[in-house]
Amino acid sequence: MDAKILLGFIFVLLIQLSRAESSGNGILYDLYPFVRVYRNGTVQRFIDTESMPAGVDPATGVHSKDVKFSQNLNLSARLYLPEKVTVTKKLPLLIYYHGGGFFSGSASDPNHNRYLKSLVAYARVIVVSVNYRLAPEHPLPAAYQDSWRGLLWTVSHFRRGTGKDPWLRNYADFQRIYIGGDSAGANLAHDMAIRIGVKNPNPGVNFKGMFLNCPFFAGQNTAPEVGLMWSHAYPNSRNGLFNPLINPGKNPNLKLVGVLSVVVFVAGDDPLRDSGLEYGRKLVASGWKGQVLDVDYPHEPHVFNLNQPNSDDAFNMRNMTAAFLNS
């Protein structure tokens, strides 16, 4: 059987299985711990549902605030600024996308809030952590569209742009912009890099690099969890796991990734490890002109730095990321 036909068959089967297992108890499908969807339309989430308030963090001195970038869609970003900034020394700018399988998480959930405050304090960078609409209420490609809106809003603060946020206007160095994310957020960051390469939204700014933490991709050895979650996050995806949004190796524009430096963090006990490493190989093979670095933590689980922030490997990842953002 042709590999593409076989993978398509598996894709459909996963959808049927997830629905069949839940059909007797009022559940339409169950993707615990991310989301459980009931036949009456109720959506139940289990992780990253809490929200931490913005403000000044007494431990790090990092300031944060929430700013809307789309009034019509009620979309906001959480901005982070290190202490003791001056207008005479601009800081690198990181546009960040949170993970959660496209179903959960936010820019203000405790794990991402804690991680980004630590990174901002250590690396002395400005961060724009972008919120996007979540599936299943807002199926993909909504998250990709919203992520791009957040990026456009951010770069609108360069020189004579329309952006009015004083933190970005006064302290961000738009010649040193980085993008990054974890899990599904890393997937979104990659797509943003493709879009930048196809058409930079503001040729006056410079996107220097990208880091991906345990990216949510399909590939030659796709984890079963990826197919199941993708099928419900993007039910109208005509190509299933061959969609370039989930399977970067299938994107004819892969060589156009619009940064020249990429770091991919993977974890040995993560089902997504193989597809993360494959991403780097495919990127180089595409003819892309940049450099990619794979960093493997062989004994760690998926996004361990968020769930085990005080581990040696978590500090190592933070320190490597800080050095990358200041390179």
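Lysine 65 lies over the face of tryptophan 167, at 4.2 Å from the ring centre, where a charge is taken to sit over a ring if NZ of Lys or CZ of Arg is within 6 Å of the ring centre and within 35 degrees of the ring normal. Arginine 318 is placed over the face of tyrosine 122, at 4.1 Å from the ring centre. This is a predicted model, in which local features need pLDDT of at least 70 and side-chain atom pairs count only at pLDDT 80 or more, while totals for chains, interfaces and linings use all residues. Residues are numbered from 1 along each chain as its sequence is written, and side-chain values use heavy atoms, with hydrogens and water left out.

Tyrosine 32 and phenylalanine 46 form an edge-to-face pair, 4.7 Å centre to centre with 65° between the planes. This pair links distant parts of the chain, 14 residues apart, since tyrosine 32 is in the loop between β1 (27–31) and β2 (35–38) and phenylalanine 46 in the loop between β3 (43–45) and β4 (63–70); helices (H or I, at least four residues) and strands (E, at least two) are DSSP runs, numbered from the N terminus. Tyrosine 32 is exposed, with a relative accessible area of 54%, whereas phenylalanine 46 is partly exposed at 27%; buried means under 20% relative accessible area, exposed over 50% and partly exposed in between (1.4 Å probe, protein chains only).

Phenylalanine 69 and tryptophan 153 form a tilted pair, 6.4 Å centre to centre with 35° between the planes. Here too distant parts of the chain are linked, phenylalanine 69 being in strand β4 and tryptophan 153 in helix α3 (residues 142–155), 84 residues apart. Both phenylalanine 69 and tryptophan 153 are buried. Elsewhere, Phe102, Tyr144, Phe216, Trp230 and Tyr234 form one aromatic cluster.

Helix α5 (residues 184–198) has 15 residues, and 12 of the 15 are buried, so α5 is largely enclosed by the rest of the structure. Among the buried residues of α5 are Leu188, His190, Asp191 and Met192. From its first C-alpha to its last, α5 reaches 21 Å, close to the 21 Å expected at 1.5 Å a residue (1.5 Å times one less than its number of residues).

How values were computed
Phe/Tyr/Trp six-rings, centres within 6.5 Å; stacked < 30°, edge-to-face > 60°.
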